[in-house]
Amino acid sequence: MLKTAVLLAGTVVFRVFASPAPVPGGVTSPGTAIPLARRSSLTGADGVFNQDEAKAATINTINKHLQNQVNFQKNTGGGVEIRSPVALPSDVEERLLRREERRQSEALTDESNEEWDGKISVGTPKKGTAKQNFLIDFDTGSADLWVPSSSCSSLGCLGKSKYNPSSSSTSSSKPYIFSIEYGDGSTASGPVYSDTVTVAGITATNQYFAAMTKLSSSWFTRPCDGIMGMGLLPISGLQQDPFVQNAKSEGAIAVGQFSFYLANTGSELYIGGTDTKKYTGAIEFHSINTTTGLWQPTNGQAKVGSTTVLTGLQPIIDSGTTLMYCPPALVQQIYAQVPGAKVFEADEGLWSYPCASPPKISFNWGGKDWTVSAANLNLGTTKARSKDCVSALAGLDIGGFGANVCILGDAFMRNFYSVFDLDQQAVGFAALA
Ligand SMILES: *[C@@H]1O[C@H](CO)[C@@H](O)[C@H](O)[C@H]1NC(C)=O
(Lines give C-alpha, C1' and ligand atoms only; values in the text may rest on other atoms or scores of the structure.)
Protein backbone atom coordinates (compact mmCIF):
# COMPACT_ATOMS: atom_id res chain seq x y z
CA MET A 1 0.00 0.00 0.00
CA LEU A 2 1.27 3.40 -0.87
CA LYS A 3 0.48 6.17 1.51
CA THR A 4 -1.02 9.46 0.51
CA ALA A 5 -0.13 12.85 1.84
CA VAL A 6 -1.66 14.14 5.00
CA LEU A 7 -3.68 17.34 4.97
CA LEU A 8 -2.72 19.64 7.79
CA ALA A 9 -4.74 22.51 9.09
CA GLY A 10 -3.26 25.96 9.39
CA THR A 11 -2.48 29.02 7.40
CA VAL A 12 -0.24 27.22 4.97
CA VAL A 13 -2.15 25.45 2.24
CA PHE A 14 -0.78 22.01 1.53
CA ARG A 15 -1.20 20.22 -1.70
CA VAL A 16 -2.97 16.93 -1.26
CA PHE A 17 -1.88 14.37 -3.73
CA ALA A 18 -4.02 11.65 -5.17
CA SER A 19 -3.08 8.03 -4.62
CA PRO A 20 -0.70 6.75 -7.24
CA ALA A 21 -2.52 5.45 -10.29
CA PRO A 22 -3.01 1.69 -10.24
CA VAL A 23 -1.50 -0.22 -13.14
CA PRO A 24 -3.94 -1.78 -15.60
CA GLY A 25 -5.59 -4.79 -13.99
CA GLY A 26 -6.16 -2.87 -10.79
CA VAL A 27 -3.04 -3.98 -8.95
CA THR A 28 -0.73 -1.26 -7.72
CA SER A 29 2.65 -2.20 -9.06
CA PRO A 30 5.12 -2.54 -6.22
CA GLY A 31 8.53 -1.01 -6.60
CA THR A 32 11.68 -2.72 -5.46
CA ALA A 33 14.41 -1.94 -2.99
CA ILE A 34 18.13 -1.79 -3.53
CA PRO A 35 20.28 -2.17 -0.42
CA LEU A 36 22.78 0.62 0.17
CA ALA A 37 26.01 0.11 2.05
CA ARG A 38 27.11 2.92 4.28
CA ARG A 39 30.72 3.96 3.87
CA SER A 40 32.17 5.27 7.12
CA SER A 41 31.98 8.85 8.24
CA LEU A 42 33.91 12.06 8.73
CA THR A 43 34.62 11.04 12.32
CA GLY A 44 37.80 9.07 13.00
CA ALA A 45 37.95 5.95 15.18
CA ASP A 46 39.26 8.22 17.95
CA GLY A 47 36.06 10.31 17.79
CA VAL A 48 37.88 13.30 16.31
CA PHE A 49 36.59 15.17 13.27
CA ASN A 50 38.54 14.39 10.07
CA GLN A 51 39.12 17.70 8.37
CA ASP A 52 40.67 16.32 5.17
CA GLU A 53 37.64 14.16 4.47
CA ALA A 54 35.32 17.07 5.18
CA LYS A 55 37.28 19.34 2.84
CA ALA A 56 37.09 16.76 0.06
CA ALA A 57 33.35 16.31 0.65
CA THR A 58 32.75 20.06 0.57
CA ILE A 59 34.76 20.62 -2.59
CA ASN A 60 32.92 17.74 -4.20
CA THR A 61 29.59 19.42 -3.40
CA ILE A 62 30.73 22.85 -4.60
CA ASN A 63 31.99 21.52 -7.91
CA LYS A 64 28.99 19.30 -8.49
CA HIS A 65 26.62 22.21 -8.12
CA LEU A 66 28.77 24.43 -10.32
CA GLN A 67 28.43 21.76 -12.98
CA ASN A 68 24.66 21.75 -12.40
CA GLN A 69 24.61 25.49 -12.99
CA VAL A 70 26.63 25.16 -16.19
CA ASN A 71 24.19 22.48 -17.39
CA PHE A 72 21.17 24.54 -16.32
CA GLN A 73 22.38 27.56 -18.24
CA LYS A 74 23.11 25.47 -21.32
CA ASN A 75 19.72 23.76 -21.17
CA THR A 76 17.48 26.68 -20.30
CA GLY A 77 19.45 29.83 -21.05
CA GLY A 78 18.63 30.75 -17.44
CA GLY A 79 20.78 33.48 -15.98
CA VAL A 80 22.71 31.95 -13.10
CA GLU A 81 26.02 33.16 -11.81
CA ILE A 82 28.70 30.65 -12.82
CA ARG A 83 31.80 30.54 -10.62
CA SER A 84 35.03 28.66 -11.10
CA PRO A 85 35.41 25.15 -9.72
CA VAL A 86 37.51 24.71 -6.58
CA ALA A 87 40.58 22.50 -6.36
CA LEU A 88 41.35 20.16 -3.49
CA PRO A 89 44.68 21.36 -2.01
CA SER A 90 47.40 19.00 -3.19
CA ASP A 91 48.59 18.12 0.34
CA VAL A 92 45.04 17.09 1.28
CA GLU A 93 44.64 15.06 -1.90
CA GLU A 94 48.00 13.40 -1.25
CA ARG A 95 46.95 12.38 2.29
CA LEU A 96 43.61 11.03 1.05
CA LEU A 97 45.29 9.07 -1.75
CA ARG A 98 47.76 7.49 0.73
CA ARG A 99 44.89 6.65 3.05
CA GLU A 100 42.93 5.03 0.22
CA GLU A 101 45.99 3.01 -0.85
CA ARG A 102 46.39 1.81 2.73
CA ARG A 103 42.70 1.01 2.93
CA GLN A 104 42.74 -1.00 -0.30
CA SER A 105 45.87 -2.93 0.62
CA GLU A 106 44.68 -3.73 4.14
CA ALA A 107 41.03 -4.27 3.20
CA LEU A 108 39.96 -2.06 6.07
CA THR A 109 36.30 -1.59 6.74
CA ASP A 110 37.06 2.05 7.47
CA GLU A 111 36.23 3.39 4.00
CA SER A 112 37.09 6.89 2.98
CA ASN A 113 34.35 9.43 2.34
CA GLU A 114 30.81 9.09 3.50
CA GLU A 115 28.39 7.81 0.94
CA TRP A 116 25.70 5.21 0.55
CA ASP A 117 26.42 3.03 -2.44
CA GLY A 118 24.42 0.35 -4.23
CA LYS A 119 24.83 -1.93 -7.25
CA ILE A 120 23.45 -1.46 -10.74
CA SER A 121 24.11 -3.39 -13.92
CA VAL A 122 24.62 -1.97 -17.38
CA GLY A 123 24.21 -3.72 -20.73
CA THR A 124 23.17 -7.13 -21.98
CA PRO A 125 26.10 -9.55 -21.66
CA LYS A 126 27.16 -11.14 -24.95
CA LYS A 127 27.74 -14.89 -24.86
CA GLY A 128 30.82 -15.63 -22.78
CA THR A 129 30.96 -12.22 -21.08
CA ALA A 130 29.97 -11.40 -17.53
CA LYS A 131 27.29 -9.04 -16.33
CA GLN A 132 28.69 -5.51 -15.96
CA ASN A 133 28.00 -4.41 -12.39
CA PHE A 134 28.85 -1.05 -10.86
CA LEU A 135 28.85 0.32 -7.35
CA ILE A 136 26.93 3.57 -7.61
CA ASP A 137 26.41 6.71 -5.55
CA PHE A 138 22.72 7.57 -6.00
CA ASP A 139 22.68 11.34 -6.14
CA THR A 140 19.51 13.44 -6.00
CA GLY A 141 21.73 16.52 -6.49
CA SER A 142 22.72 15.82 -10.10
CA ALA A 143 20.99 14.34 -13.13
CA ASP A 144 23.45 12.27 -15.15
CA LEU A 145 24.53 8.64 -15.04
CA TRP A 146 28.18 7.89 -15.61
CA VAL A 147 30.56 4.98 -15.00
CA PRO A 148 34.25 4.46 -15.81
CA SER A 149 35.06 3.14 -19.30
CA SER A 150 37.17 0.08 -20.14
CA SER A 151 39.38 2.48 -22.12
CA CYS A 152 40.14 4.62 -19.08
CA SER A 153 43.71 4.50 -17.85
CA SER A 154 43.61 7.53 -15.51
CA LEU A 155 44.55 7.05 -11.86
CA GLY A 156 40.91 7.91 -11.08
CA CYS A 157 39.81 4.66 -12.77
CA LEU A 158 42.23 2.45 -10.84
CA GLY A 159 40.43 -0.43 -9.16
CA LYS A 160 37.03 0.61 -10.53
CA SER A 161 34.56 -1.49 -12.50
CA LYS A 162 34.61 -0.37 -16.12
CA TYR A 163 32.02 -0.43 -18.89
CA ASN A 164 33.04 -2.29 -22.02
CA PRO A 165 30.57 -1.47 -24.81
CA SER A 166 31.77 -4.36 -26.97
CA SER A 167 30.64 -6.84 -24.28
CA SER A 168 27.03 -5.64 -24.44
CA SER A 169 24.71 -6.59 -27.28
CA THR A 170 22.43 -3.61 -26.55
CA SER A 171 25.10 -0.90 -26.42
CA SER A 172 24.58 2.03 -28.76
CA SER A 173 27.28 4.64 -29.22
CA LYS A 174 26.19 8.30 -29.44
CA PRO A 175 28.12 11.08 -31.17
CA TYR A 176 28.65 13.12 -27.99
CA ILE A 177 31.28 13.61 -25.32
CA PHE A 178 30.21 14.24 -21.74
CA SER A 179 32.55 16.23 -19.54
CA ILE A 180 32.85 17.53 -15.99
CA GLU A 181 35.22 20.34 -15.05
CA TYR A 182 37.39 20.09 -11.96
CA GLY A 183 38.93 22.84 -9.89
CA ASP A 184 42.51 22.02 -10.84
CA GLY A 185 41.62 22.84 -14.46
CA SER A 186 41.37 19.18 -15.46
CA THR A 187 38.23 17.59 -16.79
CA ALA A 188 36.64 14.18 -16.47
CA SER A 189 35.15 13.08 -19.74
CA GLY A 190 33.99 10.22 -21.88
CA PRO A 191 31.77 9.24 -24.77
CA VAL A 192 28.01 8.91 -24.47
CA TYR A 193 26.15 5.63 -24.92
CA SER A 194 22.70 4.28 -24.46
CA ASP A 195 22.18 0.80 -23.11
CA THR A 196 19.98 -1.27 -20.84
CA VAL A 197 20.38 -0.30 -17.18
CA THR A 198 19.01 -2.37 -14.30
CA VAL A 199 18.59 -1.12 -10.76
CA ALA A 200 17.01 -3.45 -8.19
CA GLY A 201 15.40 -5.55 -10.93
CA ILE A 202 13.89 -2.50 -12.65
CA THR A 203 15.18 -2.16 -16.17
CA ALA A 204 15.24 0.86 -18.43
CA THR A 205 16.30 0.19 -21.99
CA ASN A 206 17.73 3.04 -24.00
CA GLN A 207 19.22 4.73 -20.92
CA TYR A 208 21.75 7.44 -21.75
CA PHE A 209 24.98 7.57 -19.76
CA ALA A 210 28.64 8.43 -20.18
CA ALA A 211 31.53 5.98 -20.04
CA MET A 212 34.37 8.07 -18.63
CA THR A 213 37.72 7.58 -20.34
CA LYS A 214 39.37 10.25 -18.19
CA LEU A 215 38.77 10.72 -14.47
CA SER A 216 40.46 13.02 -11.96
CA SER A 217 42.84 11.29 -9.54
CA SER A 218 40.60 12.37 -6.65
CA TRP A 219 38.02 9.87 -7.92
CA PHE A 220 40.34 7.14 -6.68
CA THR A 221 39.54 8.18 -3.10
CA ARG A 222 35.80 7.59 -3.64
CA PRO A 223 34.56 4.06 -2.93
CA CYS A 224 31.95 4.06 -5.73
CA ASP A 225 32.59 3.41 -9.42
CA GLY A 226 30.19 6.00 -10.76
CA ILE A 227 27.21 8.26 -10.14
CA MET A 228 23.54 7.90 -10.90
CA GLY A 229 22.03 11.38 -10.95
CA MET A 230 18.43 11.40 -9.71
CA GLY A 231 17.72 15.09 -10.25
CA LEU A 232 15.63 16.57 -13.03
CA LEU A 233 16.14 17.27 -16.73
CA PRO A 234 17.06 21.01 -16.50
CA ILE A 235 20.42 20.11 -14.90
CA SER A 236 21.22 17.09 -17.06
CA GLY A 237 24.48 17.52 -18.98
CA LEU A 238 23.45 14.60 -21.19
CA GLN A 239 20.14 16.41 -21.82
CA GLN A 240 18.37 13.09 -21.41
CA ASP A 241 15.93 11.69 -18.88
CA PRO A 242 17.60 10.29 -15.76
CA PHE A 243 16.95 6.62 -14.88
CA VAL A 244 13.73 6.80 -12.85
CA GLN A 245 12.03 9.17 -15.34
CA ASN A 246 13.09 6.86 -18.15
CA ALA A 247 11.91 3.71 -16.31
CA LYS A 248 8.56 5.42 -15.73
CA SER A 249 8.07 6.50 -19.33
CA GLU A 250 9.08 3.05 -20.58
CA GLY A 251 6.47 1.52 -18.23
CA ALA A 252 8.98 -0.36 -16.04
CA ILE A 253 7.49 1.26 -12.94
CA ALA A 254 3.94 2.48 -12.43
CA VAL A 255 4.69 5.13 -9.83
CA GLY A 256 7.22 7.86 -10.50
CA GLN A 257 8.60 7.87 -6.99
CA PHE A 258 11.81 6.84 -5.29
CA SER A 259 12.61 6.87 -1.61
CA PHE A 260 15.66 6.80 0.61
CA TYR A 261 16.16 5.14 3.96
CA LEU A 262 19.65 6.00 5.21
CA ALA A 263 20.66 4.43 8.50
CA ASN A 264 23.54 2.57 10.07
CA THR A 265 22.02 -0.72 8.95
CA GLY A 266 19.33 -1.69 6.46
CA SER A 267 19.78 1.42 4.30
CA GLU A 268 18.00 1.26 0.98
CA LEU A 269 16.84 3.12 -2.07
CA TYR A 270 13.32 2.12 -3.10
CA ILE A 271 12.36 2.71 -6.72
CA GLY A 272 8.73 2.89 -7.84
CA GLY A 273 7.09 4.01 -4.60
CA THR A 274 7.82 3.75 -0.89
CA ASP A 275 8.78 0.87 1.38
CA THR A 276 6.13 0.92 4.09
CA LYS A 277 8.35 -1.18 6.39
CA LYS A 278 10.79 1.70 6.66
CA TYR A 279 8.56 4.52 7.93
CA THR A 280 5.59 5.20 10.15
CA GLY A 281 2.73 7.67 9.88
CA ALA A 282 1.86 9.82 6.91
CA ILE A 283 4.32 11.23 4.41
CA GLU A 284 4.26 15.04 4.49
CA PHE A 285 4.72 16.20 0.90
CA HIS A 286 5.82 19.65 -0.27
CA SER A 287 5.90 20.99 -3.81
CA ILE A 288 9.28 21.67 -5.30
CA ASN A 289 10.38 24.62 -7.39
CA THR A 290 9.75 23.16 -10.83
CA THR A 291 12.21 25.33 -12.70
CA THR A 292 15.58 24.62 -11.06
CA GLY A 293 16.01 20.91 -11.87
CA LEU A 294 16.86 20.17 -8.25
CA TRP A 295 14.68 18.76 -5.46
CA GLN A 296 13.91 22.07 -3.75
CA PRO A 297 10.75 22.24 -1.65
CA THR A 298 9.87 25.93 -1.39
CA ASN A 299 8.85 28.10 1.59
CA GLY A 300 11.04 26.31 4.10
CA GLN A 301 11.97 27.51 7.56
CA ALA A 302 14.75 26.71 10.00
CA LYS A 303 14.39 26.59 13.77
CA VAL A 304 16.69 26.29 16.74
CA GLY A 305 14.66 24.68 19.48
CA SER A 306 11.23 26.30 19.17
CA THR A 307 12.55 29.60 17.75
CA THR A 308 12.07 30.17 14.03
CA VAL A 309 15.31 31.71 12.77
CA LEU A 310 15.03 31.53 8.98
CA THR A 311 12.08 31.74 6.61
CA GLY A 312 11.55 31.65 2.85
CA LEU A 313 14.15 28.93 2.25
CA GLN A 314 14.16 26.60 -0.74
CA PRO A 315 16.72 24.01 0.32
CA ILE A 316 18.14 21.42 -2.07
CA ILE A 317 17.58 17.89 -0.76
CA ASP A 318 20.79 16.24 -1.92
CA SER A 319 21.61 12.59 -1.21
CA GLY A 320 25.02 13.03 -2.89
CA THR A 321 26.14 15.58 -0.32
CA THR A 322 27.39 14.53 3.10
CA LEU A 323 26.81 17.66 5.18
CA MET A 324 24.35 20.55 5.36
CA TYR A 325 25.29 24.00 4.07
CA CYS A 326 23.52 27.35 4.25
CA PRO A 327 24.90 30.74 3.19
CA PRO A 328 27.22 32.11 5.95
CA ALA A 329 24.87 34.95 6.94
CA LEU A 330 22.03 32.48 7.56
CA VAL A 331 24.18 30.06 9.51
CA GLN A 332 25.40 32.92 11.68
CA GLN A 333 21.75 33.61 12.62
CA ILE A 334 21.30 29.95 13.54
CA TYR A 335 24.39 29.72 15.75
CA ALA A 336 23.55 33.07 17.38
CA GLN A 337 20.80 31.02 19.09
CA VAL A 338 23.23 28.34 20.30
CA PRO A 339 25.08 29.09 23.56
CA GLY A 340 28.78 28.27 23.23
CA ALA A 341 28.71 27.91 19.42
CA LYS A 342 31.78 29.28 17.65
CA VAL A 343 33.52 29.28 14.30
CA PHE A 344 35.83 26.28 14.13
CA GLU A 345 37.28 26.68 10.65
CA ALA A 346 36.45 29.96 8.93
CA ASP A 347 37.52 28.97 5.40
CA GLU A 348 35.20 26.02 5.35
CA GLY A 349 32.45 27.67 7.33
CA LEU A 350 32.64 25.02 10.02
CA TRP A 351 31.18 25.72 13.46
CA SER A 352 31.43 23.91 16.77
CA TYR A 353 29.10 23.68 19.75
CA PRO A 354 29.56 22.29 23.26
CA CYS A 355 29.27 18.47 22.90
CA ALA A 356 27.33 18.32 26.17
CA SER A 357 24.52 20.54 24.87
CA PRO A 358 23.84 19.88 21.19
CA PRO A 359 21.40 22.36 19.62
CA LYS A 360 18.09 21.13 18.26
CA ILE A 361 18.19 22.33 14.65
CA SER A 362 15.16 21.62 12.49
CA PHE A 363 13.71 22.53 9.13
CA ASN A 364 10.03 22.71 8.29
CA TRP A 365 7.80 23.61 5.41
CA GLY A 366 4.85 24.72 7.50
CA GLY A 367 4.07 21.23 8.84
CA LYS A 368 6.11 19.12 11.22
CA ASP A 369 9.58 20.09 12.40
CA TRP A 370 12.12 17.79 10.74
CA THR A 371 14.88 17.74 13.32
CA VAL A 372 18.51 16.74 12.90
CA SER A 373 19.34 14.36 15.74
CA ALA A 374 22.26 15.08 18.06
CA ALA A 375 24.06 12.02 16.65
CA ASN A 376 23.67 13.19 13.05
CA LEU A 377 24.68 16.77 13.85
CA ASN A 378 27.91 15.68 15.54
CA LEU A 379 30.91 15.20 13.23
CA GLY A 380 33.28 14.48 16.10
CA THR A 381 35.28 16.54 18.53
CA THR A 382 37.35 19.47 17.28
CA LYS A 383 40.47 17.71 18.59
CA ALA A 384 41.34 14.87 20.95
CA ARG A 385 39.74 15.32 24.41
CA SER A 386 38.01 18.55 23.31
CA LYS A 387 34.59 19.36 24.80
CA ASP A 388 33.56 21.02 21.52
CA CYS A 389 32.00 19.10 18.65
CA VAL A 390 32.03 20.04 14.96
CA SER A 391 28.55 20.64 13.56
CA ALA A 392 27.26 19.07 10.33
CA LEU A 393 25.63 22.39 9.42
CA ALA A 394 28.27 24.60 7.80
CA GLY A 395 28.07 28.19 6.60
CA LEU A 396 29.20 28.16 3.02
CA ASP A 397 28.12 30.08 -0.03
CA ILE A 398 27.91 27.37 -2.66
CA GLY A 399 27.30 30.12 -5.15
CA GLY A 400 24.78 31.02 -7.77
CA PHE A 401 21.76 29.60 -6.00
CA GLY A 402 20.69 32.72 -4.16
CA ALA A 403 20.57 33.80 -0.54
CA ASN A 404 17.73 31.46 0.46
CA VAL A 405 19.21 28.17 -0.68
CA CYS A 406 20.65 25.63 1.75
CA ILE A 407 21.92 22.23 0.68
CA LEU A 408 20.62 19.52 2.95
CA GLY A 409 22.64 16.37 2.45
CA ASP A 410 22.82 13.03 4.21
CA ALA A 411 23.23 14.61 7.66
CA PHE A 412 19.62 15.79 7.16
CA MET A 413 18.22 12.86 5.16
CA ARG A 414 19.40 10.28 7.69
CA ASN A 415 16.85 11.55 10.21
CA PHE A 416 13.74 10.66 8.19
CA TYR A 417 12.36 8.62 5.36
CA SER A 418 12.46 10.80 2.25
CA VAL A 419 10.33 10.42 -0.84
CA PHE A 420 11.04 12.01 -4.22
CA ASP A 421 7.89 12.21 -6.31
CA LEU A 422 8.34 12.89 -10.01
CA ASP A 423 4.65 12.63 -10.85
CA GLN A 424 3.62 15.25 -8.30
CA GLN A 425 6.90 17.24 -8.36
CA ALA A 426 7.19 17.08 -4.60
CA VAL A 427 9.45 15.89 -1.80
CA GLY A 428 7.97 14.07 1.18
CA PHE A 429 9.27 13.21 4.63
CA ALA A 430 8.05 10.65 7.13
CA ALA A 431 9.24 9.40 10.51
CA LEU A 432 11.60 6.44 10.44
CA ALA A 433 10.08 3.10 11.39
C1 LIG B 1 12.36 28.97 -8.12
O2 LIG B 1 13.75 29.23 -8.00
C3 LIG B 1 14.16 30.38 -8.68
C4 LIG B 1 15.67 30.43 -8.57
O5 LIG B 1 16.09 30.39 -7.23
C6 LIG B 1 13.47 31.60 -8.10
O7 LIG B 1 13.86 32.76 -8.81
C8 LIG B 1 11.96 31.41 -8.18
O9 LIG B 1 11.32 32.46 -7.52
C10 LIG B 1 11.56 30.10 -7.51
N11 LIG B 1 10.14 29.83 -7.71
C12 LIG B 1 9.31 29.58 -6.69
C13 LIG B 1 7.91 29.24 -7.06
O14 LIG B 1 9.66 29.61 -5.52
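The model is predicted, so local features need pLDDT of at least 70 and side-chain atom pairs count only at pLDDT 80 or more, while totals for chains, interfaces and linings use all residues. Residues are numbered from 1 along each chain as its sequence is written, and side-chain values use heavy atoms, with hydrogens and water left out.

We may begin with the covalent links. A disulfide, taken as a pair of cysteine sulfur atoms within 2.5 Å, occurs 3 times in the structure. Counting bonded cysteines along the protein chain gives the pattern 1-2, 3-6, 4-5. C152 is bonded to C157, with 2.0 Å between the sulfur atoms. The torsion about this S-S bond of C152 and C157 is about 95°, so the disulfide is right-handed. Burial is read from relative accessible area (buried under 20%, exposed over 50%, partly exposed in between; 1.4 Å probe, protein chains only). C152 counts as buried at 7% relative accessibility, and C157 counts as buried at 1%.

A disulfide also links C326 and C406, whose sulfur atoms are 2.1 Å apart. C326 lies in strand 16 (residues 324–326) and C406 in the loop between strand 23 (393–395) and strand 24 (407–408), so this pair ties together parts that are 80 residues apart in sequence. Helices (H or I, at least four residues) and strands (E, at least two) are DSSP runs, numbered from the N terminus. The link of C326 and C406 is right-handed, with 110° about the S-S bond. C326 is buried at a relative accessible area of 0%, and C406 is buried at 0%.

C355 and C389 are joined by a disulfide with an S to S distance of 2.1 Å. The torsion about the S-S bond of C355 and C389 is about 110°, so this disulfide is right-handed. C355 lies in the loop between strand 18 (350–354) and strand 19 (361–364) and C389 in strand 22 (residues 388–391), so the pair ties together parts that are 34 residues apart in sequence. C355 is partly exposed, with a relative accessible area of 27%, whereas C389 counts as buried at 3%.

K64 is found in helix 1 (residues 51–76) and counts as buried at 13% relative accessibility. Leaving aside residues up to four places away in sequence, K64 touches D139, G141, S142, D318, G320 and T321, a contact being heavy atoms within 4.5 Å.

Helix 1 also gives two or more residues to the lining of the second largest pocket, as do strand 6 (172–181) and strand 7 (187–199). Strand 6 gives the most, with 6 residues. A pocket is an open set of points on a 1 Å grid over the protein atoms alone, where a 1.4 Å probe fits, with protein on both sides within 12 Å along at least five of seven lines; lining residues have an atom within 4 Å of a point. The lining holds 16 residues, and K74, I177, F178, G237 and L238 lie nearest the centre of the pocket.

Finally, strand 13 (residues 300–304) and strand 14 (residues 307–313) pair in the antiparallel sense over 4 bridges, where pairing requires at least two DSSP bridges. K303 has T308 of strand 14 as its bridge partner. In this hairpin of strand 13 and strand 14, with 2 residues between the strands, G305 takes a positive phi near 60°.
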